[in-house]
Amino acid sequence: MLAERLTRSIISNVVFPIHEKLKRHDTVKAFRWLSSTQNIDQKSLEKLVEQRLARLLEHAYKNVPYYQDCFSARGLNLEDLKSPHDLAKLPFLTKELITENIERLKARDFQKLKAGRTSGSTGNPLVFYLSNERISHDVAARWRATRWWGVGIGDRELVFWAAPRDISTQGRLKRLRDWLLRSIMLDATVLTEKRMRQFMDVMNDYRPTMIFGYTAAIVQMASFMLKNNLGLTNWTPKVVFVTTEKLMSKDRSIITQAFGAPVADEYGGRDSGFIAHECPEGSMHITAENIIVEIVRDDGTPCLPGEPGEIVITHLASFGFPFIRYRNGDLGVMSDKKCPCGMVHPVLEEVYGRTNDVLINPNGDRFHYTTITHILRNIPGLRSFKVIQSKVDYIQIQLQTYEPLAKETSDLIAASFEARLGGQVSVDVISVEELGVEPTGKRKHVVNHVLDF
């Protein structure tokens with residue numbers, strides 16, 4: 001036990017800070033600041049947010065061509081924007097606008113920006129840019145949230161990940177970094193019975209303090225454990241963190257039963273940043289020091305607490321490439337209830353629109369939706385797509401493109417899908433003028449009529 005505490009301390013206080021400094025990130029400084037602000041009172045938090053927003057808007061006004069035009073077009077100056085309520089005077093930022101204005105959204109005084117890209121789970125992969133400050137604050141915010149559950153940097157972590165791009169870039173240097181930080185990443189894009197039995201061996205050998213990963217992957221692993229009466233050998237993690245997809249109540253129950261640990265949900269994205277995290281009392285607290293969340297109706301007016309609407313975020317650390325009033329495509333509900341944990345940070349009552357079905361082949365193997373978007377991402381002229389599985393051995397892919405789709409491209413997509421699904425599923429690729437919208441109002445790009453969720 002003493003050796004474990006010493007190892008954790010060395011990694012948290014020495015190895016990780018050195019790692020972040022080498023990457024020119026101020027994560028440790030940001031973490032200490034966030035730790036000092038998490039228990040401040042309501043008025044102090046509101047004042048802090050106003051100050052950070054004023055700093056961001058002043059910077060955008062002086063250094064970002066896109067926002068200089070926005071201010072000018074609306075006849076606005078900095079005195080017109082003194083609080084988060086005044087943000088409504090500015091236009092929304094969308095994925096389409098980012099794509100059209102990607103160079104003009106870069107701040108002139110930021111020379112080094114890192115390109116980012118969404119997974120494309122909404123059917124439209126987005127390219128954008130991140131500054132080191134933005135990255136540092138997002139990492140620090142997650143670090144602070146894990147501390148709410150008694151874990152953090154230096155604890156043994158096992159990650160069930162299902163993004164092919166991240167897994168494919170796991171070179172020697174990244175594996176060394178993960179080893180130093182005591183984090184193991186498992187490829188959960190395809191979870192066959194053989195692979196899940198191998199994962200059981202890895203877990204029981206490594207005995208992680210915390211488990212983190214895609215909701216669907218962890219739920220599938222937990223279901224497999226319960227179905228086959230496979231348990232953890234004389235250990236349990238302190239907590240299981242889930243991300244990327246909506247966590248249903250039945251999913252939480254399955255994970256808790258299989259792993260014998262509480263489940264904590266988190267909400268964010270590569271583009272939006274680390275938006276909210278669940279505390280031990282069950283509330284999804286917004287990282288208010290870094291992110292302002294608006295919930296708006298179709299006409300752009302603000303929703304009342306308890307009223308569902310579209311999520312709009314302003315990232316207060318996004319100076320190099322500002323995200324101001326960014327519509328991330330998700331639907332959510334804000335709560336006005338106070339959390340028993342004592343933090344005054346705003347609470348998201350619910351988040352909708354993140355659920356994407358998995359695909360299945362006749363063997364019962366399930367394939368995460370990121371496997372699909374990985375195949376479709378680089379199609380020239382792709383606007384959007386929809387994958388529909390109507391039978392266990394048949395899938396239709398609907399593509400909406402700017403230019404007519406070449407037959408060779410259609411054949412290549414179908415062959416890639418069929419190979420990925422084990423050669424047991426027939427795939428048709430068709431071009432369509434428009435893609436349907438789900439009852440929630442959000443486009444759902446992977447629909448499975450075979451599985452009954």
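Trainee: What should I know before reading the model?

Mentor: The model is predicted: local features need pLDDT of at least 70, side-chain atom pairs count only at pLDDT 80 or more, and totals for chains, interfaces and linings use all residues. Residues are numbered from 1 along each chain as its sequence is written, and side-chain values use heavy atoms, with hydrogens and water left out.

Trainee: How do strands of a sheet pair?

Mentor: Through backbone hydrogen bonds, either parallel or antiparallel. Here, helices (H or I, at least four residues) and strands (E, at least two) are DSSP runs, numbered from the N terminus. Two strands pair if DSSP finds at least two bridges between them.

Trainee: What is the order of the open sheet of four strands?

Mentor: The order is 19-18-17-20, and the pairing is mixed. Strand 19 (426-431) and strand 20 (446-448) are the edge strands, each pairing on one side only. Neighbouring strands of this sheet are turned by 15° against each other on average, direction ignored. Axes are lines fitted to C-alpha atoms, for helices over the stretch in contact; angles run from 0 to 180 degrees between N-to-C directions.

Trainee: How many bridges join strand 17 to strand 20?

Mentor: Three, and the two strands run parallel. Strand 17 covers residues 382-391. Val387 stands opposite Val446 in strand 20.

Trainee: Which helix lies across strand 17?

Mentor: Helix 13 (residues 407-420). Helix 13 also lies across strand 18 (394-401) and strand 19, running at about 150° to strand 19. Contact means heavy atoms within 4.5 Å.

Trainee: Is strand 3 buried or exposed?

Mentor: Buried means under 20% relative accessible area, exposed over 50%, partly exposed in between (1.4 Å probe, protein chains only). Five of the five residues of strand 3 (residues 157-161) are buried, so strand 3 is largely enclosed by the rest of the structure. Glu157, Val159 and Trp161 point one way; Leu158 and Phe160 point the other way.

Trainee: Which strands pair with strand 3?

Mentor: Strand 4 (residues 183-187) pairs with strand 3 in the parallel sense over five bridges. There, Trp161 stands opposite Asp187. Strand 6 (residues 210-214) pairs with strand 3 over four bridges, also parallel. Phe160 has Gly213 of strand 6 as its bridge partner.

Trainee: How many disulfides are there?

Mentor: A disulfide is a pair of cysteine sulfur atoms within 2.5 Å. The count by this rule is zero. For Cys279, the nearest cysteine sulfur is that of Cys339, 3.6 Å away.

Trainee: Why does Cys279 count as buried?

Mentor: Because its relative accessibility is 2%. Cys303 is buried too, with a relative accessible area of 14%.
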